[in-house]
Amino acid sequence: MRIESREQFETLQEKIRAAETDNGNRILVCCGTGCLANGAKKVAEAFAEQVGKRNMDAEVKLLVKNTGCHGFCERGPLVVLQPSGVLYTRVRVSNVPQILEKTVDNGEIIPRLLYKNPADDVAIEQYSEIPFYKNQTRVAMRNIGRIDPTAIHDAIGAGCYSGMVRALFDMTPEQVLDEVETAGLRGRGGAGFGTARKWRSCRRAEGDRKFVLCNGDEGDPGAFKDRSIMEGDPHSILEGMVVGAWAVGAHEGFIYVRDEYPLAVLNLTLALEQARYLGLLGENILGSGFDFDIRISRGGGAFVCGESSALMLSLAGKVGEPRAKYVHSTEKGLFDLPTVLNNVETWADVGAIAANGGAWFAGMGTNKSKGTKAFSLVGKVKNTGLIELPMGTTLRHIIYDIGGGVLNDRPFKAVQTGGPSGGCIPESLLDLPVDYEKLTEAGSMMGSGGMIVMDDRTCMVDVARYFLKFLTEESCGKCTPCREGLKQMLAIFDRLVEGEGVAGDLPLIERLAAGMQVGSLCELGKSAPNPVISTLRYFRDEYVAHIEDHVCTAGICKELTAYRILPETCDGCAGCAKACPVDAITGERHALHVIDHDICISCGACMGVCPTDSVETFPKVELMKEVV
Amino acid sequence: MPTLTINGKKVQSREGAYVLEAARQAGVEIPTLCHFEGLEPWGGCRLCQVQITKDGWDGWKKMVVGCMFPVEEGLIVLTETDEVRETRRVVLDLLLARCPDTPLIRTMAKEYGVERTSYVSNPEPTDCILCSLCTRVCDHIGVSAISTADRGAGKEIAPPFHEPPAACIGCLACAEICPTDFIPYTTSHTTRSIWGREFEMLRCEDCGRAHITKAQAEHHAANRAETTDVPQEWFRYCDSCKRKQQASRFPAVPQLV
């Protein structure tokens, strides 16, 4: 059924909402990629089957909803019961009958399925009471986990497309631009360019044919916020794009999404079909007279295709390589026509701004960075997952209050933000409020919103090398400084971690890094030395130790590190000897075990399995001294 | 006609020109490797970096590539500052590591004080600097037989799937434009081979010299209407015979002395 007018849309929305109030009994099963990998599909099917049988003779029907990602992927599959708001984690198929009988029918809680707060080991019943969720403010991710992303009615009931209706019927394009400017919205892809400024420039650009694009080519290691939005709430992206298209005067849109995100592609495709069917996309949207449609373009997974100019060339069917942007893409973008490109999260924010007004959005955040920001919190932290917070939240709050602190309560060393071209922020800056300016000042960046927490057993030289390796593989190779520079930088770091660093290496690294920053073609090349520069800035002594003393202070670099077993605590369980892949450990059962350093390959397997923490690392150079 | 200042000298430039063109017109030399007048600027080699500033910028300077930065009124361009020379030096140092035996790169690097690379010298020296002139000229003439393959450090110039390219017409544009003569080919009286393919040669109807491949003549015949107004006749004679024919059409000029 095509919706022909605003009134029809609002009637439909009220109808959906009324139906939900009448029957609020729901079982929400998270079917995001993380939970699916943990077996959520079978759990959802089991619920559907058993609930289906019960519903046949029930008066009040129970609904099972497969939702998008709740963000708490590590604890999946997640099941939320409504209206009670109880959250069950790590649910198995065998738990399904129990949940239905005990909790749904009798309101009885099953304690072992509840989330236990790692801070005090106390089980928490309510979804909304869990510190991981309690401390969040969700705007871009407002509907994820609440709606079934494959059902447009669910999205409309949740308020999706209301902002679009307001923009199309109550506002002129200029008013939309003003509203976005009031909101102070800046690009969530990482660069933080003013969205209203970008849109205005495109609106002013000459030509009748303009494009609105969505960048869904999220490629940073450890980042998955865009994927979760595309999978869990595709309609909010479409809504934002219609609003943007109305503001700049575009009638064609593309979503560029990487093909490694199959569920995102599927849910977006379904969302487009459903929106077109209802007349929320296509010709004469809701009878407003405005035409706009969106197509999906699947990317081949090249990291560089997330760069705007490379993305547009890739969309046009050419090799995805960046080009100089002395002329902005708002004037000459896709097919050399005026184009607006925004990140998935930005588009999701736009719909909420159109619905609630710019002032509401600007009421959150800091002076120059308004609103909320999504982050993927990963690494050595107790609660990993997807979070959204007002700008200006401190790193300490994110890592300790939401993340629950460092895994195994080890000492915190650094947090890496902004993806591979971001930087590492040390403990001394834990009270840094997170916004665009502050992160840049600290030598990192907002980037894709990835946050990787690192503990004391992290070698910063090794971390820099990891990101260099990623960037070397992903450099497009068009410009000399990035292509050859990364290759040579990686070669230097290979030397460092193998204990073959020489005195001139640090100046050489710094000179090359500076040359790449200034000389590279695109922002990826210019920012490629960031992991090196930021670790050098805060952890220079580790570099010096690698070069001058051939010591890896964190005990990570294999060529520089040896392992030994402490006689005081070893109880001779032989676990280490069993785990050792090269049989370097010998010892009688219930007696001290010993590592043969001539055989040992410093893999660390023994340390990982020792129940009494009796394995420790020490610099390999000490072995040499003993020989001397 | 915008007026800009290059190294302190006032220069008038063509509307729509880039800084590199304006500088060269004014006799200011800027090194390039991936630039060719007949092709769209590309901005990949990063050698033509210059600094730009303007009167109101409070001395703030921005590094841009000369081949792609459009000229504008009042632009101040600096082509030989320490920062510019340092950036070019890093680029040439890196290229010398890639191509340690390539005469052109050795000469250019030497001009920036790099006699030996600071980095790890390529254990398998190559002459290809990945300037992409070959692939761009091939695109430009409408053939697109070769392209860059792979990315990053593994990037190379290659025909699709490393097989002899079906689209190639053996015109040699790629080999001729290559600044380091990296692309090998052979031409005899009857055949030419390049990129693993053999091409039949056509002979000049006048002097009999093998001057063009049959595939090239056919390509131009097929695409003549779209891309060029050159008549089919054009390919019957070699360049020097065509010149002679043209010259013979001029009326005899009376000797003055």
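**Two helices in contact**

Guide: On the α18(A) side, M460(A), A464(A), F467(A) and L468(A) touch P531(A), V532(A) and T535(A) of α22(A). Contact here means heavy atoms within 4.5 Å. Helices (H or I, at least four residues) and strands (E, at least two) are DSSP runs, numbered from the N terminus. This is a predicted model: local features need pLDDT of at least 70, side-chain atom pairs count only at pLDDT 80 or more, and totals for chains, interfaces and linings use all residues. Residues are numbered from 1 along each chain as its sequence is written, chains are lettered from A and ligands numbered from 1 in the order in which they are written, and side-chain values use heavy atoms, with hydrogens and water left out.

Visitor: At what angle do α18(A) and α22(A) pack?

Guide: About 170°, with the axes 9 Å apart. Axes are lines fitted to C-alpha atoms, for helices over the stretch in contact, and angles run from 0 to 180 degrees between N-to-C directions. α18(A) and α22(A) are therefore roughly antiparallel. Angles under 35 degrees count as roughly parallel, over 145 as roughly antiparallel, 65 to 115 as roughly perpendicular and the rest as oblique.

Visitor: Switching to sheets. In what order do the four strands of the open sheet in chain A come?

Guide: The order is β9-β8-β7-β10, with parallel pairing. Two strands pair if DSSP finds at least two bridges between them. The edges are β9 (293-299) and β10 (339-343) of chain A, each pairing on one side only. Neighbouring strands of this sheet are turned by 20° against each other on average, direction ignored.

Visitor: How many bridges pair β8 with β9(A)?

Guide: Seven, in the parallel sense; β8 covers residues 252-258 of chain A. I255(A) has I296(A) in β9(A) as its bridge partner.

Visitor: What is L272(A) in contact with, beyond its sequence neighbours?

Guide: Leaving aside neighbours within four places in sequence, L272(A) contacts L238(A), L281(A), I294(A) and I296(A). L272(A) sits in helix α12 (residues 262-277) of chain A.

Visitor: Is L272(A) buried or exposed?

Guide: Buried, at 4% relative accessible area. Buried means under 20% relative accessible area, exposed over 50%, partly exposed in between (1.4 Å probe, protein chains only).

Visitor: And which strands form a hairpin?

Guide: β11(A) and β12(A), with five residues between them. Six bridges join these antiparallel strands, β11 being residues 372-379 of chain A. T372(A) stands opposite P390(A) in β12(A). Strand β12 (residues 385-390) of chain A is mostly covered, with five of its six residues buried.

Visitor: On to chain B. How many helices and strands are there?

Guide: Chain B has seven helices and eleven strands. Of its 257 residues, 47% count as buried. The C-alpha atoms of chain B fill a box of roughly 65 × 60 × 40 Å, taken along the principal axes.

Visitor: Where is T5(B)?

Guide: T5(B) is in strand β1 (residues 3-6) of chain B. T5(B) counts as buried, at 15% relative accessibility. Leaving aside neighbours within four places in sequence, T5(B) contacts K10(B), L75(B), I76(B) and V77(B).
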